[in-house]
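This report covers helix packing and the nonpolar core of one model. The sequence and structure come first, then the description.

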Amino acid sequence: MLKDVNLTSKSWVEKMFYEQARRSYENQETNFVEQTEDQHEIVRLILKELRKHLTIIVSDREIELSEQARHYSKAFTALHLLLSSIDTEKGGEISENLVTLYLYIQQQLIDGRTREEFTGDKNIVNIVADLLEAWENIR
């Protein structure tokens, strides 16, 4: 059965990243969210974490594959949390735009990942930084 799997296919890689992010979400990442009841603060913390991990991912410094995978997993988890927190019925156009941005970032992570470097749009860090700044100015 394993011989039928194409280990270089994009879909296999995407499934592995998704699975790793899902496990990370279920096993680890909910702790800091559970300790905070303020939903605005939860989103702020998630955006800060996402910015931190994206900054490392897009940097030119060499990191070990296991560390790289950890940062990708945490970034995907943060994106999953942000996407799942959006209420498109209440949020209207703003929430639809956020979904579009989060999915763009997610796709850049998938398409831009190589063993050697990140080849996607490095501007994703600035996108998240701008979102974080706007979110912090809401209150």
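## Helix packing and core

H4 passes H5 in a left-handed crossing, a term for a near helix turned anticlockwise from the far one by less than a right angle (right-handed if clockwise). The model is predicted, with local features needing pLDDT of at least 70 and side-chain atom pairs counting only at pLDDT 80 or more, while totals for chains, interfaces and linings use all residues. Residues are numbered from 1 along each chain as its sequence is written, and side-chain values use heavy atoms, without hydrogens and water.

Helices are DSSP runs of H or I with at least four residues, numbered from the N terminus. Axes are lines fitted to C-alpha atoms over the stretch in contact, and angles between N-to-C directions run from 0 to 180 degrees. The two helix pairs are tabulated below.

| Pair | Axis distance | Angle |
|---|---|---|
| H4 and H5 | within 10 Å | roughly 150 degrees |
| H2 (39–58) and H5 (124–138) | 9 Å | about 160 degrees |

H2 is therefore roughly antiparallel to H5, and H4 and H5 are also roughly antiparallel to each other; the label applies to angles over 145 degrees. The crossing of H2 and H5 is left-handed.

Contact means heavy atoms within 4.5 Å. On the H2 side, the contact with H5 includes His 40, Val 43, Leu 47, Leu 50 and Leu 54; on the H5 side, Val 128, Leu 132 and Trp 135 are among the residues involved. By class, this contact has 13 nonpolar, 2 polar and 4 charged residues. Here Ala, Val, Leu, Ile, Met, Phe, Trp, Tyr, Cys and Pro count as nonpolar, Asp, Glu, Lys and Arg as charged, and the others, Gly among them, as polar.

Between H4 and H5, Leu 98, Leu 101, Tyr 102, Tyr 104, Ile 105, Gln 108 and Leu 109 of H4 meet Ile 124, Ile 127, Val 128 and Leu 131 of H5. The residues of this contact divide into 10 nonpolar, 1 polar and no charged.

The largest nonpolar core has 27 residues, and those with the most contacts inside it include Leu 47, Leu 50 and Ile 105. Such a core joins buried Ala, Val, Leu, Ile, Met, Phe, Trp, Tyr and Cys residues through side-chain atoms within 4.5 Å. H2 gives the most to this core, with 8 residues. Beyond its neighbours within four places in sequence, Leu 50 touches Ala 75, Ala 78, Leu 79, Leu 82 and Val 128.

Glu 41 lies in helix H2. Its relative accessible area is 24%, so Glu 41 is partly exposed (buried is under 20%, exposed over 50%, partly exposed in between, with a 1.4 Å probe and protein chains only).

Definitions and conventions:
Helix = DSSP H or I, 4+ residues; strand = E, 2+ residues; numbered from the N terminus. Parallel < 35°, antiparallel > 145°, perpendicular 65-115°, else oblique.
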